[in-house]
Amino acid sequence: SLLAATQARVEAGDDLVVWSEVAVGVNSLQEEAAFISDVQTMLGKAMGSALVGVTYYINTTSKSENFNIFSLFWPNGTLAWKYAKTHLVPVAESSRTPGPGVLPILDTKKFGRISGAICFDMEFPDLILQAGQAKVDFFVQPAATWGPMGPWAVRLESWRPVENGFGLFRCASRGISGAVGPNHQTYYHRLSDHNEVFTVQVPRFYHKPTVYAAGGYLFGPACVVMAVVLLAMVVFGSGDQCK
């Protein structure tokens, strides 16, 4: 089971164990509570030092209770964050409710300041900008991408670390997993299936201040405004004309 495999990695001395997106599902809030209890019990038995990120979807009869969740636990089993996916995939996730759009931020000894989001969230720079402005060092992304979507998504999302100055670890099922640094360095890149366990070694990332996080995200809109102003000057200007 996933819990048994997770316990094995914690006991092996890993610093971080992360599941890919929607690794398991629960059909009620009671099942969710039982699942969280099982994770905490497992961590109590493992007695390791790893942060553990688990993912699941809630599928009840009420859409308002249905979320795509990424929860992170301290080594002792205490819940560090519970994040609900903000940007749901159209059609495929129509039965779910989006989260509030606030990224989790957590200070740790091993990884510095960390944050996380789920799969499709990474394609929205305005959301991930929160991490850059919070000076996050390390960002964790559970994902599930398949077919030609996988490489395309990885190429697009690999620019979020550059824009915001953090290191990124992406754990994907049926897609590409990898690690990218704030200078667009690729530390890891592999095609991963939905039922395998793999380990990765990455350097300790440190936040790198970027122009984008400090306000550079306004460059695009500013260019549009300037283009409109220049066009207006050309069309309505009263400069000298040849006679």
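In this account, Ala, Val, Leu, Ile, Met, Phe, Trp, Tyr, Cys and Pro count as nonpolar, Asp, Glu, Lys and Arg as charged, and the others, Gly among them, as polar. The structure to which these classes are applied here is a predicted model.

Rolling a probe the size of a water molecule over the atoms shows where empty space is left. In the second largest pocket, this space amounts to about 190 Å³. The pocket is lined by 16 residues, and those closest to its centre are V154, R155, S158, V180 and H189. Four elements, namely α4 (149–157), β9 (167–173), β10 (175–180) and β11 (186–192), each give two or more residues to the lining. The most is given by β10, which provides five residues. Sorted by class, the lining of this pocket consists of seven nonpolar, six polar and three charged residues.

Two of these elements contain residues that deserve a separate look. Helix α4 includes E157. Is E157 buried or exposed? Because buried means under 20% relative accessible area, E157, at 1% relative accessibility, counts as buried. Beyond its neighbours within four places in sequence, E157 is in contact with C119, M122, E123, Q141, L168 and R170.

Strand β9 holds G167, a residue whose relative accessible area is 0%, so it is buried. With its neighbours within four places in sequence set aside, the contacts of G167 are D137, F138, F139, V180, G181, P182 and F205. G167 and T186 are 19 residues apart along the chain, and their C-alpha atoms are separated by 10.0 Å.

The largest nonpolar core has 32 residues, of which L103, I114, I128 and F139 touch the most other members. Two or more residues of this core come from each of β4, β5 (79–84), α3 (125–133), β8 (138–144) and β9. A second, separate core has 18 residues, including V39, L43, V54 and I58. Apart from neighbours within four places in sequence, I114 is in contact with L51, L72, W81, P104, I105, L106, T108, V136 and F138.

Helix α3 has buried residues of its own: L127, I128, L129, A131 and G132. What covers them? Among the elements that cover the buried residues of α3 are β5, β7 (112–116), β8, α5 (159–164) and α6 (211–214).

Strand β4 (residues 68–73) is the place of N68. N68 has 1% relative accessibility and therefore counts as buried. Its side chain is joined to that of E21 by a polar contact of 2.7 Å. Not counting residues up to four places away in sequence, N68 touches E21, V22, Y56, Y83, A84, K85, E93, R96 and I118.

Most residues other than glycine have a negative phi. V91, which is not a glycine, has a positive phi of about 70°. V91 lies in the loop between β5 and β6 (105–108), and at 72% relative accessibility it counts as exposed. H184 also is a residue other than glycine with a positive phi, near 70°. The loop between β10 and β11 contains H184, which counts as partly exposed at 29% relative accessibility. After α3 comes K135, where phi is positive and near 60°.

Conventions. Residues numbered from 1 in each chain as written. Predicted model: local features only at pLDDT ≥ 70, side-chain atom pairs only at ≥ 80, totals over all residues. Heavy atoms only, no water. 1 Å grid on protein atoms, 1.4 Å probe; cavity = no way out; pocket = protein on both sides within 12 Å on 5 of 7 lines; lining within 4 Å. Points joined across faces, edges and corners; volume = space filled by probe spheres on them. Buried < 20%, exposed > 50% of the residue type's maximum accessible area, 1.4 Å probe, protein only. Contact = heavy atoms within 4.5 Å. Polar contact = N/O pair within 3.5 Å; in protein donor to acceptor, adjacent residues only side chain to side chain. Core = buried A, V, L, I, M, F, W, Y, C linked by side-chain atoms within 4.5 Å.
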